[in-house]
Amino acid sequence: MQIKRIITVTVLNEHGVLSRISGLFAGRGYNIESLSVAPILDSNLSRITIATKGDDKVLEQILKQLHKLIPVLKVLEDEQIIEQESLLVKFNADCNLSAISTLFNGFNGRLLEANEKCSIFIACDTHARINTLLNALKIHKPKDITRSGILAIESNN
């Protein structure tokens with residue numbers, strides 16, 4: 001049974017770390033659905049956020065092997081983190097701004113920019129709610145869509 005998992009990994013910020021981590025997933029035949037990497041403020045560390053799907057047994061093995069990698073300092077998964085995803089959507093200038101604005105307002109979103117050629121909206125919400133917003137926007141025929149991937153942070157410290 002495929003289960004969606006969000007994993008955050010705190011690592012030493014050095015070359016080759018991302019390659020070794022992604023190699024664990026590739027070596028087991030699992031796809032990384034979303035990947036975000038950024039340095040942690042005032043440190044020599046980075047946080048890697050990985051969204052993936054897989055069965056419990058293989059994901060458990062990946063988590064155990066992540067803990068064994070030398071540059072990895074901490075591994076957290078779903079229950080211990082808060083996650084968000086950002087979305088940018090571009091519409092033609094003749095779109096129904098009022099209806100689209102109403103949709104985006106319901107998903108922590110707003111109009112980011114509008115000019116004579118297009119309108120661009122932004123939203124930041126959970127992965128599931130971003131998917132719901134995208135389904136609702138189909139009738140407005142978006143011109144372009146880009147997603148950030150999932151960002152996550154520890155919730156209990």
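Analyst: A residue counts as buried under 20% relative accessible area, as exposed over 50%, and as partly exposed in between, with a 1.4 Å probe and protein chains only. The model here is predicted: local features need pLDDT of at least 70, side-chain atom pairs count only at pLDDT 80 or more, and totals for chains, interfaces and linings use all residues. Residues are numbered from 1 along each chain as its sequence is written, and side-chain values use heavy atoms, leaving out hydrogens and water.

User: Is F121 buried or exposed?

Analyst: F121 has 0% relative accessibility and therefore counts as buried.

User: How is a pair of aromatic rings described, and how many aromatic pairs are there?

Analyst: The distance of the centres and the angle of the planes describe such a pair. Rings of Phe, Tyr and Trp (its six-membered ring) pair with centres within 6.5 Å; planes under 30 degrees apart are stacked, over 60 edge-to-face, and the rest tilted. By this rule there are two aromatic pairs. The rings of F91 and F121 have centres 5.8 Å apart and planes at 85°, so this pair is edge-to-face.

User: Which parts does the pair of F91 and F121 tie together?

Analyst: Because F91 lies in strand 5 (residues 81-92) and F121 in strand 7 (residues 118-125), the pair ties together parts 30 residues apart in sequence. Strands are DSSP runs (E, at least two residues), as are helices (H or I, at least four), numbered from the N terminus. F91, at 0% relative accessibility, also counts as buried.

User: What form does the pair of F104 and F121 take?

Analyst: F104 and F121 are stacked, 4.8 Å centre to centre with 25° between the planes. This pair links F104 in helix 3 with F121 in strand 7, 17 residues apart. F104 counts as buried because its relative accessibility is 0%.
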